[in-house]
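Here are my notes on this one, point by point. Have the structure open while you read.

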Amino acid sequence: MNDSSRLTFDRVVRELRRRDFGVLSTVTSECRPQSVGVVDGVSLPGRPFRLYVMTRRRLRKTRNIVENANVSLVVPLTRRLLWFVPPPCIQFQGTAEVLDRDDPGGIETFRSFAMGRRILAMYEEMAQRGETGVCFLGITPDPTLSTYMVGRSLWEVVRRMETGIERVRVS
């Protein structure tokens, strides 16, 4: 943990809400990691902190979670300028559960951002054509999130790489 920590949980949540892409890692039945890019949404203010992914029950990530709820998620904070430099990122471990497609937390979260609304519409159309396996994944992080280079200048990190590493308590 960085001794001069100035990163707050609120700042991390703001950064997460500005993005809707992350890499979700699950554990297969053979105890092997499996990672996939997902569109995710952060629960609304005033609700318990949770991330949601809309998907289908038959997909591997969902089947993995049914067998083993342990997951990790990495959210890169891509830059418009300096795109060639590795991006800051937020990462955490936690547990996930498979939720019904009409889960109120998942729906209200996905309604709160443009890509989420498109995904809701797409899956609604699929359901009207007979798809019965639409669901949400509800991801609850462990009590501490890790970040790299979030809230730090590139020059600080170039001088001392370890200044980029921070841990933030979920509140």
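Predicted model: local features only at pLDDT ≥ 70, side-chain atom pairs only at ≥ 80, totals over all residues.

1. Residues are numbered from 1 along each chain as its sequence is written, and side-chain values use heavy atoms, with hydrogens and water left out.

2. Start with the largest pocket, lined by Arg 11, Glu 15, Arg 18, Arg 19, Leu 77, Thr 78, Arg 79, Arg 80, Pro 88, Val 150 and Gly 151. Its volume, the space filled by probe spheres set on the points, is about 250 Å³. By class the lining has three nonpolar, two polar and six charged residues; Asp, Glu, Lys and Arg count as charged, Ala, Val, Leu, Ile, Met, Phe, Trp, Tyr, Cys and Pro as nonpolar, and the others as polar.

3. The second largest pocket holds about 180 Å³. Of its 14 lining residues, Arg 17, Arg 19, Asp 20, Ser 112 and Phe 113 lie nearest the centre. The elements giving two or more residues to this lining are α1 (9-17), β2 and α4. Helices (H or I, at least four residues) and strands (E, at least two) are DSSP runs, numbered from the N terminus.

4. Now look at Cys 135, in strand β6 (residues 134-141). Is Cys 135 buried or exposed? Buried, because its relative accessibility is 0%; buried means under 20% relative accessible area with a 1.4 Å probe, protein chains only. Arg 56 is 79 residues away in sequence, yet the C-alpha atoms of Cys 135 and Arg 56 are 5.4 Å apart.

5. Thr 55 sits in strand β3 (residues 51-56) and, at 1% relative accessibility, counts as buried too. Thr 55 touches Cys 135 and Leu 137, among others (contact means heavy atoms within 4.5 Å). Its side chain also makes a polar contact of 3.4 Å with that of Lys 61; such a contact is a pair of N or O atoms within 3.5 Å, where within protein one must be able to donate a hydrogen and the other to accept it, and residues adjacent in sequence count only if both atoms are side-chain atoms.

6. Finally, helix α3 (residues 104-111) has Gly 105, Gly 106, Ile 107, Thr 109 and Phe 110 buried. Those residues pack against β2 (33-42), β3, α4 (114-128) and β6.

Key: Buried < 20%, exposed > 50% of the residue type's maximum accessible area, 1.4 Å probe, protein only. 1 Å grid on protein atoms, 1.4 Å probe; cavity = no way out; pocket = protein on both sides within 12 Å on 5 of 7 lines; lining within 4 Å. Lists of a residue's contacts leave out its neighbours within four places in sequence.
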